[in-house]
Amino acid sequence: MKDTKVPTLIGACPNCMIVPLRVADSFVGDANHFAQAVIYAADNGADVINLSVGSSLSSQVEQDAVADARAAGVILVASAGNEGNDLPIYPASYDGVIGVSATTISRAVGIGIRRVVGNRRTGDL
């Protein structure tokens, strides 16, 4: 009989716990729900908060929640958008938040980033 056991995969943080918190339905979010989730995560021991949301609108309630989480020692990482312009995206543009974005292999950023296989474009990423 062949051994079918799959070896255990250990990532960068094998003892970490992921706590997903929904702050929006589809692409419609509310600053108060965002702030409540950030505060909840910080108050319940989060070391890192990944904020996979972004908007061109800043909110004082969001900014205050981010500041409170940072004061508690939480690291915040947020989507900086892939629009390829210099406009601020929040929460990535709040003080102390690490903003992340996609790039191509040549470090180009923007809408319509395409995956290139050989010399052929295969579609938007």
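A nonpolar core is taken here as a set of buried Ala, Val, Leu, Ile, Met, Phe, Trp, Tyr and Cys residues joined through side-chain atoms within 4.5 Å, where buried means under 20% relative accessible area, exposed over 50% and partly exposed in between (1.4 Å probe, protein chains only). The structure is a predicted model, in which local features need pLDDT of at least 70 and side-chain atom pairs count only at pLDDT 80 or more, while totals for chains, interfaces and linings use all residues. Residues are numbered from 1 along each chain as its sequence is written, and side-chain values use heavy atoms, with hydrogens and water left out.

The largest nonpolar core holds 17 residues, and Val38, Ile49, Leu51 and Leu76 have the most contacts inside it. Two or more residues come from each of α1 (31-43), β3 (48-51), α2 (60-71) and β4 (75-79); helices (H or I, at least four residues) and strands (E, at least two) are DSSP runs numbered from the N terminus. The greatest share is that of α1, with five residues. Ile49 touches Val38, Ala41, Ala42, Val74, Ile75, Leu76 and Val77, leaving out residues up to four places away in sequence; contact means heavy atoms within 4.5 Å.

Next comes the sheet. Three strands form an open sheet in the order β3-β4-β5, with parallel pairing; two strands pair if DSSP finds at least two bridges between them. At the edges are β3 and β5 (98-100), each pairing on one side only. Neighbouring strands are turned by 20° against each other on average, direction ignored. Between β4 and β5 there are three bridges, and Ser79 has Val100 of β5 as its bridge partner. Helix α1 lies across β3 and β4 and runs at about 160° to β3 (axes are lines fitted to C-alpha atoms, for helices over the stretch in contact, and angles run from 0 to 180 degrees between N-to-C directions).

Ser59 sits in the loop between β3 and α2. This residue counts as buried because its relative accessibility is 15%. Beyond neighbours within four places in sequence, Ser59 contacts Ala31 and Tyr94.

Finally, the largest pocket contains about 800 Å³ of space. A pocket is an open set of points on a 1 Å grid over the protein atoms alone, where a 1.4 Å probe fits, with protein on both sides within 12 Å along at least five of seven lines; lining residues have an atom within 4 Å of a point. Grid points are joined across faces, edges and corners, and the volume is the space filled by probe spheres set on them. Of the 25 lining residues, Val19, Pro20, Val48, Ile49 and Asn50 are the closest to the centre. Helix α1 gives the most to this lining, with five residues.
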